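Hello,

Here is the structure we talked about passing on. My notes follow below it.

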Amino acid sequence: MLIPYKNSNQKIAMGLLSLMPKEKDLTVLQETIARYETDPDWKLYLWKEVDFVGVIGVNIEAGEAKLQHVCVNPSFRKEGIGKKMLDQLKLTLPCELKPTKATENFLLACGEAEEEKSD
Ligand SMILES: CC(C)(COP(=O)(O)OP(=O)(O)OC[C@H]1O[C@@H](n2cnc3c(N)ncnc32)[C@H](O)[C@@H]1OP(=O)(O)O)[C@@H](O)C(=O)NCCC(=O)NCCS
């Protein structure tokens with residue numbers, strides 16, 4: 001189940017976001033979570049099985065949605081959760097979803113992206 005991020009889920013969201021290589025640095029991670037908390041164009045969602053096991057985040061700018069973050073707890077990978085988060089996220093979007101460099105490979109594997117890159 002895809003659940004919109006709330007500040008009360010900050011610790012678990014930061015733990016999941018830190019699984020992305022670009023979020024390894026704590027300062028970067030803190031800036032990222034602050035952006036999702038304050039900028040209405042940045043939307044973060046958690047995926048709940050029994051516990052929260054995934055996170056997916058997007059920003060919408062100039063009529064384009066960019067997939068910024070997608071992370072699944074290593075114990076729950078290769079079970080289709082990443083793809084399920086993506087499918088549910090797309091239902092919330094008013095426009096087409098595009099990758100960033102950091103999420104391109106996953107979107108390509110899911111058949112969602114062409115060979116183009118943007119930050
Ligand atoms: C990327 C990630 C979210 C995928 O989660 P998942 O629940 O294991 O994904 P799914 O089981 O839904 O797999 C969907 C497809 O994506 C592919 N895939 C999984 N991880 C991938 C990755 N890092 N890069 C490219 N493709 C990936 C799977 O092989 C699968 O394709 P298939 O159906 O052809 O086999 C997870 O591996 C993760 O958290 N990685 C660390 C964070 C990260 O680097 N995110 C950005 C990746 S581009």
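**Helix pair**

The crossing of α1 and α2 is right-handed (the near helix is turned clockwise from the far one by less than a right angle). Contact here means heavy atoms within 4.5 Å. Q10, A13, M14 and L17 of α1 meet L26, L29, Q30, T32, I33 and E37 of α2. Six of these contact residues are nonpolar, three polar and one charged. The axes of α1 (residues 10-17) and α2 (residues 26-38) come within 10 Å and cross at roughly 125°.

**Basis**

This is a predicted model, where local features need pLDDT of at least 70 and side-chain atom pairs pLDDT 80 or more, while totals for chains, interfaces and linings use all residues. Residues are numbered from 1 along each chain, and side-chain values use heavy atoms, without hydrogens and water.

The largest pocket has a volume of about 430 Å³. A pocket is an open set of points on a 1 Å grid, fitting a 1.4 Å probe, with protein on both sides within 12 Å along at least five of seven lines; lining residues have an atom within 4 Å of a point. Of its 20 lining residues, V70, C71, V72, R77 and F106 are closest to the centre. β4 (64-72), α3 (81-92) and α4 (104-109) each give two or more residues to the lining. The lining has ten nonpolar, four polar and six charged residues.

**Strand β1**

I3 lies in β1 (residues 2-4). I3 touches L44, Y45, L46, K48 and F52, leaving out residues up to four places away in sequence.

Best wishes

Notes
Axes are lines fitted to C-alpha atoms, for helices over the stretch in contact, and angles run from 0 to 180 degrees between N-to-C directions. Helices (H or I, at least four residues) and strands (E, at least two) are DSSP runs, numbered from the N terminus. Ala, Val, Leu, Ile, Met, Phe, Trp, Tyr, Cys and Pro count as nonpolar, Asp, Glu, Lys and Arg as charged, and the others, Gly among them, as polar. Grid points are joined across faces, edges and corners, and a volume is the space filled by probe spheres set on the points.
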